[in-house]
Structure formats: structure tokens, C-alpha cells
Amino acid sequence: MLNFEDKINFTNKKNDVLAIGELLVDMISTDYGDNFESNQYSRFFGGSPSNIAINTRRLGINSTAVAAVGKDGLGDFLINYLTEVQLDPSFIQQVNHATSMVLITKSKDTPVPIFYRGADYYLDYSEQLARLIQDSKILHFSSWPISRNPARHTIEKCIKVAKQNGLLICFDPNYHPKLFSRQEDGPAYVKSIIQHVDIIKPSEDDAERLFGQDKHENQVRKFLDLGAKLVIMTLGKEGALVSNGRETVKFSSYASNVVDATGAGDAFWSGFYAALIKGYLLKEALEFGHAVSAYKLKAVGGVVDLPKLEAIKEIYKL
């Protein structure tokens with residue numbers, strides 16, 4: 001059991017966080033809106049696992065992103081961005097499909113996306129990737145790569161190797177019906193993955209898409225019943241409800257200035273992971289997750305120029 005008063009003791013490995021999944025371009029509207037009223041959009045680096053890899057590196061731990069992009073200008077933009085922020089792009093595959101893109105309205109709440117998918121789900125498994133997993137402490141993935149093959153098979157193999165090598169396996173169940181084939185029961189597949197997961201972080205919207213409407217406490221219990229060891233249910237400005245099955249704790253948000261919510265969940269994961277790796281108690285790591293998310297919310301885009309974790313600690317008096 002993952003106890004709130006305990007630290008997670010990791011085996012000494014070179015790479016701290018292995019974030020595998022989508023790497024894509026976020027086109028975010030200049031104006032706020034709920035139905036894409038804006039006529040102007042700006043290009044941003046995007047993709048949840050890749051955001052986390054960059055964020056955690058900036059916070060002061062080692063991380064690697066694994067993803068697939070197209071052999072095109074947008075793919076080059078994404079790889080060049082990784083290089084500029086000193087993240088190794090060696091595990092970014094370039095494939096003969098268009099780089100994936102998401103159109104997003106700038107929002108202070110959960111952003112509304114339109115998906116244009118191409119290269120992201122053509123991610124292949126390799127022996128090089130297997131070796132990287134063996135030399136990592138945390139495996140992170142989201143619903144994007146498990147929504148379609150061949151990326152789904154790749155994630156399934158990664159989970160198997162991660163379990164064999166004692167990694168902490170973490171899943172962002174950001175299920176959206178448009179990611180999955182209409183012929184498939186997407187929620188059923190997502191639920192089947194949860195039994196292999198240590199930590200899961202659904203939002204209110206994620207839980208509702210998977211289970212329908214219910215009380216927060218009931219939604220958390222459903223994830224636990226499917227096999228997750230720790231459930232972090234984020235509640236926007238209301239903070240988060242977290243349970244390990246024996247104890248449930250409510251955490252408050254640190255956000256006071258919300259400019260753009262894009263990437264707020266990724267920032268939470270990033271602060272949480274960085275604190276765990278640096279030896280903080282689980283409950284302290286959850287506070288760091290909220291603090292890093294609050295810092296990100298002050299700027300537009302999924303990735304912002306984060307300071308080291310120690311500076312976040314001073315800013316938010318943790």
C-alpha cells in the first residue's frame with residue numbers, strides 16, 4: 001500500500017521518469033472561448049508525456065520522452081524544441097505520417113480540444129526502449145497511446161517490462177471517446193489497464209467519461225476497485241481527493257491566478273514525480289504537485305519555464 005506518511009524507495013537507476021506517448025503540436029486560440037470563436041491560434045509544444053518529461057527535467061530530475069512524430073516541419077519543430085530545452089530526442093521516432101495536432105480554445109477551465117491525429121499512434125517497441133525501461137524508476141503513460149495500435153501494443157509491452165523491473169507505473173486516464181475507434185468500447189479497455197497501474201490521476205471529466213456521473217468519493221472507489229493502489233482525483237480549483245484505499249485525504253489548490261489551464265494536469269504530475277524522486281513523503285509530493293500546477297496556470301501553453309523544485313518550495317511555502 002502507498003501510505004501518505006511514507007517515502008517511495010526507488011532502486012538506483014540512471015533515468016528517473018520515462019514518459020511515453022504522444023508528442024504533438026497544440027494550436028491554442030488567442031482569445032478565450034468555448035466554441036472556437038477565435039480567428040487566431042498560436043503554435044505550442046504539446047503532448048502530455050512530453051510535457052512531463054520537460055517539466056521534470058526543469059524541476060531538477062532526469063527524464064526521457066518516448067514518442068512518434070512525422071517527417072515534416074511540425075515534427076522538426078517538436079524535436080528541435082526538445083533539443084533546445086536539453087532533453088535527449090533519441091527516443092523520438094520519425095514516421096511516414098503527419099505530425100499529430102490538437103486545436104484548443106484558451107480556457108481557465110478544462111480546455112476543449114479537437115484532435116487531428118497522425119504520427120503519434122505509430123510508436124513502435126524496440127530493444128533500445130526495453131533497456132531504457134530497465135534503467136528507469138517511473139513509467140508514465142496516458143490514454144492517447146493505448147487508444148490505437150501499434151502504440152497500444154507498445155505500451156502493453158512496456159508495462160510488462162516495467163512490472164518485471166519494479167518500476168512505479170503511473171497512468172493518466174485522460175479518456176476521450178474521439179481518441180478511440182467507434183467500433184471499440186474505449187472505456188472498457190481503459191478500465192482493463194488499471195489493474196496494472198500503481199498510481200492513477202483522473203480528473204472529474206475523466207471519471208465521468210469512464211463511469212458516468214457520481215459523487216467524487218464513489219468515483220475514487222471505482223478506480224481503487226479496478227486495482228489502482230493510489231487514486232488522485234483532481235477537482236480543478238477545488239484541489240484533489242486522494243485515496244490509497246484505506247485513507248482518503250482532500251488537498252487544496254494553490255492556484256490564485258489562472259491564465260490558461262492547458263497542461264495543468266501535466267504540471268501536477270511533474271511536481272509530484274520530482275518530489276517523490278527527491279525523497280519527499282507521499283503527502284508532501286502531492287502538495288508539490290498542486291504547487292507546480294499553480295505555477296503553470298499563470299502562463300499560456302502546456303509547458304512553461306519552471307524553476308527548480310527547491311524554488312517552488314520557497315514560493316509556495318511548502
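C170 stands opposite I199 in β10. The strands are β9, residues 168-172, and β10, residues 199-200; they run parallel, with 2 bridges joining them. Strands here are DSSP runs of E, at least two residues, and helices are runs of H or I, at least four, numbered from the N terminus.

A word on the source: this is a predicted model, where local features need pLDDT of at least 70 and side-chain atom pairs pLDDT 80 or more, while totals for chains, interfaces and linings use all residues. Residues are numbered from 1 along each chain as its sequence is written, and side-chain values use heavy atoms, without hydrogens and water.

Now the whole sheet. It is open, has 9 strands with mixed pairing, and its order is β5-β4-β1-β8-β9-β10-β11-β12-β13. Two strands pair if DSSP finds at least two bridges between them. At the edges, pairing on one side only, are β5 (92-95) and β13 (248-251).

Helix α1, residues 48-59, lies across β1, β4, β8 and β9, at about 145° to β4. Contact means heavy atoms within 4.5 Å; axes are lines fitted to C-alpha atoms, for helices over the stretch in contact, with angles from 0 to 180 degrees between N-to-C directions.

Next, aromatics. Rings of Phe, Tyr and Trp (its six-membered ring) pair with centres within 6.5 Å; planes under 30 degrees apart are stacked, over 60 edge-to-face, the rest tilted. The count is 11 aromatic pairs. F45 and Y81 are stacked, 4.6 Å centre to centre with 25° between the planes. F45 sits in strand β3 and Y81 in helix α2, 36 residues apart.
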